[in-house]
Amino acid sequence: MSTILIIEQMLNGLQSGVMLFLMAAGLTLIFGVMGLINLAHGSLYMVGAFAAAAVAGLTGSFVLALMAALVAAALAGAVIEILVIRRLYDSDHLDQVLATFALILIFSEGTRWVFGSFPLFLDIPDALSGPVTLPGGIEYPLYRLALIVAGLLVGVGLWVLIERTRLGIQIRAGENDREMIAALGVDISKLYTLVFALGAALAGLAGALVGAIQSVQVGMGEPVLILAFVVIVIGGIGSIKGAFIGALLVGLTDTLVGIFLPELLKLFMDAAPATSAGSAIASMSIYILMSLVLIWRPSGLFGARA
Amino acid sequence: MKKLMLATAAAALATSGALADVKVGMITTLSGGGASLGIDTRDGFMLAIEAAGRDDVEVVIEDDQRKPDIAVQLADKMIQSEKVDVLTGIVWSNLAMAVVPAATAQGLFYLSTNAAPAQLAGKGCNANYFAVSYQNDNLHEGAGAYAANEGFKNTFILAPNYPAGHDSLTGFKRYYGGELAGEVYTKLGQTDYAAEIAQIRASGADSVFFFLPGGMGISFLKQYADSGVDLPVVGPAFSFDQGILQAVGEAALGVKNSSTWSKDLDNAANATFVADFQQKYDRLPSIYAAQGYDTANLLLSAIDKADVNDDAAFAEALKAADFASVRGAFSFAANNHPIQNVYVREVIKEGDIYTNKIVGTALENHANAYVDDCKM
Amino acid sequence: MSRETLFNAALLLGLLLVPIWALLTDEPFTITLATRAVILALAAAGLNIALGIGGLVSLGHAVFFGIGGYAMGILAHHAQGFTPLMEWPFVIEGTKSMPVIWLLAIVVSALAALVIGLLSLRTTGAYFIMITLAFGQMFYYFAISWSAYGGEDGMSIYVRNDFPGLNTLAPIQFYGLCLALLVVVLVFSARLRRAPFGLSLNAARQVPARLEAVGLDPMRLKLVAFVISGAITGLAGALFADLNRFVSPTMFSWQFSGEIMVLVILGGVGRLFGPVAGAVTFVALEHVLGGLTEFWHIYLGLILLGVVLFARGGITGLIAGREASHD
Amino acid sequence: MTDTVLRTIGICKSFGALQASKDISIDLRPGEIHAIIGPNGAGKSTLIAQICGALKPDAGRVELLGKDITALSTDQRARAGLGRTFQISALAMEDTVLENAVLGALGARGRPWRFWASALGDKDLRHRAEAALERVGLAEARAKRCADLSHGQRRQLEVAVALTLEPKAFVMDEPMAGLGAAGSKDLTGFLDQLRQQAPILLVEHDMDAVFALADRISVLVYGEVIATGSVDQIRTDPRVRDAYLGESA
């Protein structure tokens, strides 16, 4: 196994981690500020991807498609926040789980009703297609590099937003003490809608970006949702920094274990069972990682509240 | 009790050769992920039933949501309450394994429009069970034969880590015979194949075989095309289905795939089928629609010959396969699985639509590897 | 008698009358449908002990349901194939006997619940929900790749297992058996609530600090509740597998965990008959809505939303009002 | 050693830079009421938490009847004979008064592992619980839901639950909090009796009650015990007047 391959796989892990971060950031923000477990976050990812595919199909422009994804997901987020979610802030987690589970059903079948059962087409823009050669002779798809950059940019943007702006002060205040936001003279319900829409927009963006190299289809949000939950639980619910570290950990674990474990097992056993057992364990690896983290630190790596 | 659709045609009763009214239960996937396959199956099947224009066949259609336990419930319902004579329609192997053995044990006929797992072809075969589609391994075997014919020496193969995935790679290797640059099992439902593609790039392979049905295949093909890895790719028809191709787009162009059917197959039955299907549903048919259509025609041919209540006679009538298949020459092997050609298709673009055209034949009059295991 | 007691009695009577109604209307499938509802109610009754009394929001109860199912599948698979389950250190043969299968389902799922509980109960709140979900995913992926027992295809058992003195293949008799087990579990739950254990557990959910202050360890109470809860759900899994004569990894899926939870909440969290009301409603909805439209999930979702937003306390709460005070 | 029931020896606890307990050594003798007073933020709650086991001290130890209980968990300490009441009522609000009291009795017995027989039907448990309710004057309200009780009744129930444990020492965290003048007076009279059964470590803001009840008083300021002594000694201690009474009185 060459160094080049290892570096390439690290890049792959990084890329999937960075995209996971977009999902997880919104999820953890919503939990941190409003204390809400949102199972329907994956549906917003799907909404973003479908909106992007629809607009790209009509206009042929990837930039417009991305904007459509942001707008559609933010809008969908704002609408469900106003209609449903805001009634759940004072409920226990149980009600939140059930209500957002119900939202998944509505979103998934609703999307199928509108767009039909067949997967939609969304392609990488021409300017970003094909591989580039990196220093060291690594050939790597340009679009995936762009995803890494885009994800990191969003991460920096989010950091600036939270640390350096008025909205950020309000968000941080909301995480620590709800009464304090009221004392600051902030319209809480507006702030909540805004935060929810922001989280939704991030999910929608991830859906559109990833949709270009994957399959845009109904139900695409759920696997990502579960991964994103694993991420924020590992990082500590409510912590953006935790979400970032957690996302990279999950992305790298998922990618690298899947590749290297079967190879490792081949040293000890026959090729066929090694491949099979290796990939079986690899598919469980991130859940094992999460359990280990929680057993070690019951509130995640950077979690404040229990 | 509900009936999603009740198909009785308007033709006169007495004139047809029917010996008894036949009730058919169709269990297929109409909602949730994978609904497009079930919808095509249903539409193809009903196209043939309606075209036959007869009122001695009643079809009850139910949605299994792609959940095995729901499929079993529906089968129970159709057997107990609807009292159907024939079951059909299941798309997925795991659902078929849940339903078929119990149904045939209760004396029903099961005609498979798609799923045909090895267990039901070998030791688990049954006189009342007919796979009208193929045996699951067939397309993979076809791909293996194609790879061998093309002179591939060092191919990289991958499939999801579940039984159909294992069967797939086994089927491919059965006819391929060359070296393997790599053999990888991916996670079921995986959407990102960057890691596997990097492995392919590093492996020194001269070609790639993959079996990744549904959305998995879309993701793989898009990512593969963008990766700059330029090796020839071959796979079974499942990832190049009419419904899926539009979502893959350009990335699929030129890719070879093995199939038992294609819309440009040159025979009269197929021409009628493709034209009628397009006219009625305003889209191109898929292999699932073709298999549904053939299943219905096989059933109709048997109904004309024998009483469905006479198990032995009806089984014999089915086994005769006395119908015009859209796949051309078609007959049943001893274990009630088809003997048919496996073709090689290439993805092309016709106008704005991505579709397949036949470029060769991988295996002629091909049966399956389990005939000898079947003691009926 | 309180309204809730009346409602519960009506539910039970309704379940008893199902076979008669099925015979009168000549719809034998109704019995199968009711059996499904009864078994799901049993699974939910298991969760209700952890969730309703103990306040443990487990999104991983499909683990126990699946273990119960596989206990049945594996034993029956070896019995019908005449191969021993294991030969070392001692020979264990498969079996087609329901009581033995149930026992194994209960013991193994209780053991799994013990281990999962020990690890998960270190966390609380959203973390607990997620770690139970993670365990569910581990079992799910394990089952998918466990090729010895069918992997994703699962396993078919061609003939339903035996119960001494009954013909379990007759839908009515199997239904009676399942209903009897449900009643046993409900009686046990009712006693449990009033017993020292239930009283303490109920307080552990409300004020763990108080419990510690009187010298009881809330963690151990919750752990035992989790084990009992898992064991009951495991039993339900074995019955479910026998109903379908089939097991597959979908029994482990997180959607299934969600569904069991939906049943409990739909019926009314912590209510003795909540799981029964929830399961009957859910199966009826699935059946009726599924017949009306392909897109029935939308309506199911809307109904669930309605329950959460406007009918706290679920169906039982809607019909019987606020929980009557004890005694 | 026999003259102390409960004592702390050199307890220290810090939260980051904040030293919440500085080398605290206090003791509780048979038959006495020992009051801990101090301004808000003096570290009273932290001290209680360490005595009852919710927090582990950084240094020092806690002894009950001469046995080191520093390593024991809260519930183990309760079983060893420490009965406490909470500043904010910690009661099972959905349950009845009697059920709450029975819970205490169950704890005293230490075995909740009965899954079938009714808890309220257990004669022994019920007697114990009813006797405790009787003593605090809640016998009439036994069938009421806790959520329907008045604030004063909840304070009484807090004490009753602690009573069912028949503890060797009571630790009471502001039992008078939120009670009216009449309520305080009743409870003061009751606690006065209770000290015969077991000594009481009393954290209280109500100075009238403290001066009426306490045999000894310790004054806690910034995590430090600045004085311990009789009511009169404390009243006249200049440091106390300076640091505490001077500010708040």
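Chain C meets chain A through 34 of its residues, which are in contact with 37 residues of chain A; two residues are in contact if their C-beta atoms, placed from the backbone, lie within 7 Å. This is a predicted model, in which local features need pLDDT of at least 70 and side-chain atom pairs count only at pLDDT 80 or more, while totals for chains, interfaces and linings use all residues. Residues are numbered from 1 along each chain as its sequence is written, and chains are lettered from A and ligands numbered from 1 in the order in which they are written.

## Exercise 1: the two faces of chain C

Task: find which elements of chain C give two or more residues to the side that touches chain A, and work out how the residues of the side that touches chain B divide.

Solution. 
- Step 1. Helices (H or I, at least four residues) and strands (E, at least two) are DSSP runs, numbered from the N terminus. On the side facing chain A, the elements with two or more residues are α5 (125–145), α10 (254–267) and α12 (296–310) of chain C.
- Step 2. Of these, α5(C) gives the most, with 12 residues.
- Step 3. Sort that side by residue type: 25 are nonpolar, eight polar and one charged. Here Ala, Val, Leu, Ile, Met, Phe, Trp, Tyr, Cys and Pro count as nonpolar, Asp, Glu, Lys and Arg as charged, and the others, Gly among them, as polar.
- Step 4. Now turn to chain B, where the contact takes 24 residues from chain C and 27 residues from chain B. At least two residues each come from α2 (29–53), α5 and α11 (274–292) of chain C, and α2(C) has the largest share, three residues.
- Step 5. The side of chain C that touches chain B divides into five nonpolar, 13 polar and six charged residues.

## Exercise 2: the build of chain C

Task: describe the fold content of chain C and explain why it counts as compact as a globular protein of its length.

Solution. 
- Step 1. Count the elements: chain C has 13 helices and four strands.
- Step 2. The radius of gyration, taken over C-alpha atoms, is 20 Å for chain C, close to the 20 Å that the globule rule gives for 327 residues, so chain C is as compact as a globular protein of that length. The rule is 2.2 Å times the number of residues to the power 0.38.
- Step 3. For its extent, the C-alpha trace of chain C spans about 55 × 50 × 40 Å along its principal axes.

## Exercise 3: a helix pair in chain A

Task: how do helices α1 and α5 of chain A pack?

Solution. 
- Step 1. Helix α1 (residues 3–34) and helix α5 (residues 142–164) of chain A pack at an angle of about 35°, with axes 9 Å apart. Axes are lines fitted to C-alpha atoms, for helices over the stretch in contact, and angles run from 0 to 180 degrees between N-to-C directions.
- Step 2. Residues making the contact include Leu14(A) and Val18(A) of α1(A), and Leu147(A) and Gly151(A) of α5(A).
- Step 3. By type, the contact residues divide into 11 nonpolar, three polar and one charged.

## Exercise 4: the place of chain D

Task: what separates chain D from chains A and B?

Solution. 
- Step 1. Chain A and chain D share no contact, and their closest C-alpha atoms lie 15 Å apart.
- Step 2. Chain B and chain D also share no contact, with closest C-alpha atoms 34 Å apart.
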